[in-house]
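Thanks for coming, everyone. Please have the sequence and the 3D view open while I talk.

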Amino acid sequence: MNTTETKALQAFAARIRLAALDAIHSLGSGHVGGALSIADTLAVLYGREMKLDPRNPAMPDRDKLVCSKGHAGPAVYGALALKGYFPYEELKTLNRPGTRLPSHCDRNKTPGVDMTTGSLGQGTSLACGMALGDRLRGYDSRTFLIVGDGESNEGQVWEAFAFAAAKKLGNLVVLLDWNKKQLDGWTDDVFPMGDYAAKFQAFGFDTCTVNGNQVDQVAAALERTRSGGDKPYAIILDTVKGAGVKDVEETMANHSIPVSDAQFEAWSAQLAAEISALEG
């Protein structure tokens, strides 16, 4: 990518962070840490990589996203709103009665959401089924699966990955958000999983590790997945939980936190300044 495109994606990531915080602030609290950590990846997916059409969300041969860590829904909603799937102001209805934006992703409610998720681990199996189904239909499309590192404690995750390798799902791209924290603390303290890259390679994935909070590195890794082939892809995203907002990054228990008026004002001002600097 050239510098102009890199800055545009960095600005898009900052806007996704701002949109997610806007939604969570309207409710008073929510899953801030894990939403912010994947903003850069969502910016690259929705801003550069995915084949999609906001005017036709159900386009059969579109690329599809499964955010298996469904509690990061506010970040996904932010990306969708910014792409024009629904009005931006609708973000402020997050998890309220009658909303199209529940706290966890729901394909039956939200335009642009391809799969309902939230029961951790299950999104992995669903994504494998979607990728296989699209291949059987002859679609030139990919399925992108975002998985949490804490979520990878679930046995179903690895059963699904064994299936993906066995079925040679070269149209499946797993993006593991290695932000090193989960609900109860550091992942290495709760349930250490060892070397994620080595595990994926052992399962038969084409694997790489990148800084998941650098859009250029994420973009380069995703470019590698365009060639398809007979192996599914795994990209380990080395991220910081709460990335992009220093106060959140420095909060230990930042999985789900309150967002006060004063905090939102300060954080949104920080992100607005970043966007302004990037956009010149």
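Predicted model: local features only at pLDDT ≥ 70, side-chain atom pairs only at ≥ 80, totals over all residues.

Strand 4 covers residues 172-178, and strand 8 covers residues 233-238. These two run parallel and share six bridges. Find Trp178, and opposite Trp178 you will see Asp238 in strand 8.

Stay with Trp178 for a moment. Is Trp178 buried or partly exposed? It is partly exposed, because its relative accessibility is 27%. Lys180 lies over the face of this Trp178, at 4.5 Å from the ring centre.

How many aromatic pairs does the structure hold? The count is seven. Take Trp158 and Phe161. Their ring centres are 5.3 Å apart and their planes stand at 90 degrees, so this pair is edge-to-face. Both residues belong to helix 6, residues 155-166. They are three residues apart, about one turn of the helix. Trp158 counts as buried because its relative accessibility is 12%. Phe161 has 0%, so Phe161 is buried as well.

Next, Trp178 again, this time with Tyr196. The centres of these two rings are 6.4 Å apart and the planes are at 65 degrees, so this pair is also edge-to-face. Trp178 is in strand 4 and Tyr196 is in helix 8, residues 196-203, so the pair ties together parts that are 18 residues apart in sequence. Tyr196 counts as buried, because its relative accessibility is 6%.

Ring pairs link Trp158, Phe161, Phe200, Phe203 and Phe205.

On to the cysteines. How many disulfides does a search of the whole structure find? It finds zero. The cut-off for a disulfide is a pair of cysteine sulfur atoms within 2.5 Å. For Cys208, the closest cysteine sulfur is in Cys128, 18 Å away, so that is also too far for a bond. Cys67 is buried, because its relative accessibility is 3%. Cys208 is buried too, because its value is 16%.

Now helix 3, residues 39-49. This helix is mostly covered, with nine of its eleven residues buried. Among the buried ones are Ala39, Leu42, Val44, Leu45 and Tyr46. The list also includes Asp40, Thr41 and Glu49.

Follow the chain past helix 3. In the loop between helix 3 and strand 2 you will find Arg62. Is Arg62 buried or exposed? It is buried, because its relative accessibility is 13%. What does Arg62 touch, leaving aside its neighbours within four places in sequence? Its contacts are Lys51, Pro57, Asp114, Asp134 and Ser141.

Last stop: two backbone angles. Asn95 is not a glycine, yet its phi is positive, at about 55 degrees. Asn95 sits in the loop between helix 4, residues 73-83, and helix 5, residues 122-136. With 39% relative accessibility, Asn95 counts as partly exposed. Lys168 is not a glycine either, and its phi is positive at about 55 degrees. Look for Lys168 in the loop between helix 6 and strand 4. Lys168 is partly exposed, because its relative accessibility is 45%.

That's my tour. Questions, please.

Methods. Residues numbered from 1 in each chain as written. Heavy atoms only, no water. Buried < 20%, exposed > 50% of the residue type's maximum accessible area, 1.4 Å probe, protein only. Helix = DSSP H or I, 4+ residues; strand = E, 2+ residues; numbered from the N terminus. Pairing = 2+ DSSP bridges. Phe/Tyr/Trp six-rings, centres within 6.5 Å; stacked < 30°, edge-to-face > 60°. Lys NZ or Arg CZ within 6 Å of the ring centre and 35° of its normal. Contact = heavy atoms within 4.5 Å.
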